Amino acid sequence: MKEKIFKRLRKIYNKIDCELEAKHCRFCVECCLDISDLNVTPLEIDYINYYDSTQTISWQEYNNKTICPYCDIEKRKCLIYELRPRFCRIFGHFLENYYNFYSACVYRESHTVYDKNSIDKIPYHKEFCELVKEYIYNLHGKEQEEYFQTLAHPLREAEKIRNSIPEYMEAINKTPGYASLYYHLGKSYSSLNMKNEAINCLLKSLTLDPTQFQAYNLLSFRFYELGFIDYAIISMKRALRSAPWNNRAIFSLGLFYFEAGKFKEALENFEKLINQKENFEGLENYIKIARELLI
Ligand code: SF4
Ligand code: SF4
């Protein structure tokens with residue numbers, strides 16, 4: 001029974017791959033270093049375990065991880081690439097939030113944004129969901145019960161973030177020169193409100209690779225929270241050097257200038273957004289106030 005469903009899953013994967021073939025991922029593995037938002041189903045993990053016996057990991061264990069357990073960080077490669085779950089196949093082609101793009105991702109110029117109302121844009125989404133449902137309802141009593149238990153009691157977010165810290169530290173021990181790992185560790189510290197630890201990790205990350213948008217972007221917010229508005233501005237400007245397309249960062253830079261009383265610079269950034277017909281909450285108000293203050 002399971003084998004038949006796995007074969008049908010393989011067909012869906014093949015169809016998705018055929019449709020999304022146009023551009024090839026550059027295997028930077030950025031998107032594999034934080035899988036906490038990936039919605040991977042038990043069917044997909046069982047499928048991997050069925051065809052690859054080198055390491056068996058349960059769906060429950062997979063869900064508690066932050067770094068993908070199938071990612072070989074030292075070699076920067078996916079250990080089960082042919083068997084990878086659906087979200088890994090569509091990542092970049094389809095995204096829930098454009099501003100979540102890693103600045104070096106090859107798919108930035110050719111992606112589709114979806115939300116929960118337009119998730120059907122993902123190729124073969126309906127067919128995939130029906131297969132997952134069928135699989136779960138055909139699981140043996142105990143397996144099915146475990147699945148529903150995990151869904152009903154997911155690890156609390158704070159606990160998951162806390163657990164991510166030793167994961168990143170272990171990875172850093174193995175590959176101490178990998179800048180992105182310090183960024184992700186800094187992000188975890190940041191989410192736990194450990195500002196100084198976060199800043200240290202982000203600075204370390206940027207020492208190793210000064211072109212990272214994400215690290216500068218996050219760093220600027222931490223500086224802002226600590227009241228170092230000039231450092232926040234410098235960091236956001238550097239973030240924008242790596243990702244000048246990131247309108248959310250342009251908006252943040254405008255806000256930092258506004259906060260620093262530099263209304264001319266604030267206005268310049270806000271007007272860039274208006275020229276691109278971009279709107280962020282409160283943007284028009286900020287423009288109005290900045291203009292009045294500049295008269
Ligand atoms: S399964 Fe492979 S592609 Fe997907 S997150 Fe893990 S390492 Fe990356
Ligand atoms: S971030 Fe983009 S380019 Fe890098 S591994 Fe992920 S999908 Fe590929």
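**Figure 1. The whole chain.** Of the 295 residues in the chain, 31% are buried. A residue is buried if 20 or more other C-beta atoms lie within 10 Å of its own, exposed if 12 or fewer, and partly exposed in between, with C-beta atoms placed from the backbone. This is a predicted model, in which local features need pLDDT of at least 70, side-chain atom pairs count only at pLDDT 80 or more, and totals for chains, interfaces and linings use all residues. Residues are numbered from 1 along each chain as its sequence is written, while chains are lettered from A and ligands numbered from 1 in the order in which they are written. The chain has 14 helices and 4 strands. These are DSSP runs, numbered from the N terminus: helices are H or I with at least four residues, strands are E with at least two. The C-alpha atoms fill a box of roughly 75 × 40 × 35 Å, taken along the principal axes. Among contacts with a separation of 6 or more, 57% join residues 24 or more positions apart. Two residues are in contact if their C-beta atoms, placed from the backbone, lie within 7 Å.

**Figure 2. The domains.** The chain is divided into domain 1 (2–152), domain 2 (156–228) and domain 3 (246–295). The bounds come from an automatic or database domain assignment. Between the C-alpha centres of domain 2 and domain 3 there are 28 Å.

Figure 3. The residues around ligand 1 are C32, I35, C68, Y70, C71, C78, I80, R84 and C88. A residue is near a molecule or strand if its C-beta atom, placed from the backbone, lies within 6 Å of it. This shell has 8 nonpolar, no polar and 1 charged residues. Ala, Val, Leu, Ile, Met, Phe, Trp, Tyr, Cys and Pro count as nonpolar, Asp, Glu, Lys and Arg as charged, and the others, Gly among them, as polar.

**Figure 4. The surroundings of ligand 2.** Here 13 residues surround the ligand. The closest are C25, C28, E30, C31 and C105. By class, the shell around ligand 2 divides into 10 nonpolar, 1 polar and 2 charged.

**Figure 5. Helix 9 against helix 10.** Two packed helices are described by the angle between their axes and the distance between the axes. Helix 9 (residues 195–208) and helix 10 (residues 213–225) pack at about 145°, with their axes 10 Å apart. Axes are lines fitted to C-alpha atoms, for helices over the stretch in contact, and angles run from 0 to 180 degrees between N-to-C directions. The crossing is left-handed. That term applies if the near helix is turned anticlockwise from the far one by less than a right angle; clockwise is right-handed. K195, A198, I199, L202, S205 and L206 of helix 9 meet A215, Y216, L218, L219, R222 and E225 of helix 10. The contact of helix 9 with helix 10 has 8 nonpolar, 1 polar and 3 charged residues.

**Figure 6. Helix 13 against helix 14.** Helix 13 (residues 263–275) and helix 14 (residues 283–294) pack at an angle of about 145°, and their axes are 9 Å apart. The crossing of helix 13 and helix 14 is left-handed. Helix 13 brings F263, K264, A266, L267, F270 and L273 to the contact. Helix 14 brings L283, Y286, I287, A290, R291, L293 and L294. These residues divide into 11 nonpolar, no polar and 2 charged.

**Figure 7. Y286 in its setting.** Y286 lies in helix 14. Y286 counts as buried because 20 C-beta neighbours lie inside 10 Å. Leaving aside neighbours within four places in sequence, Y286 is in contact with G254, F258 and F270. The C-alpha atoms of Y286 and R8 are separated by 54 Å, and the two residues are 278 residues apart along the chain.

Figure 8. Most residues other than glycine have a negative phi. R76 has a positive phi, near 50°. R76 sits in the loop between strand 1 (71–72) and strand 2 (77–78). R76 has 15 C-beta neighbours inside 10 Å, so R76 counts as partly exposed. N193 also has a positive phi, near 65°. The place of N193 is the loop between helix 8 (179–191) and helix 9. With 9 C-beta neighbours inside 10 Å, N193 counts as exposed.
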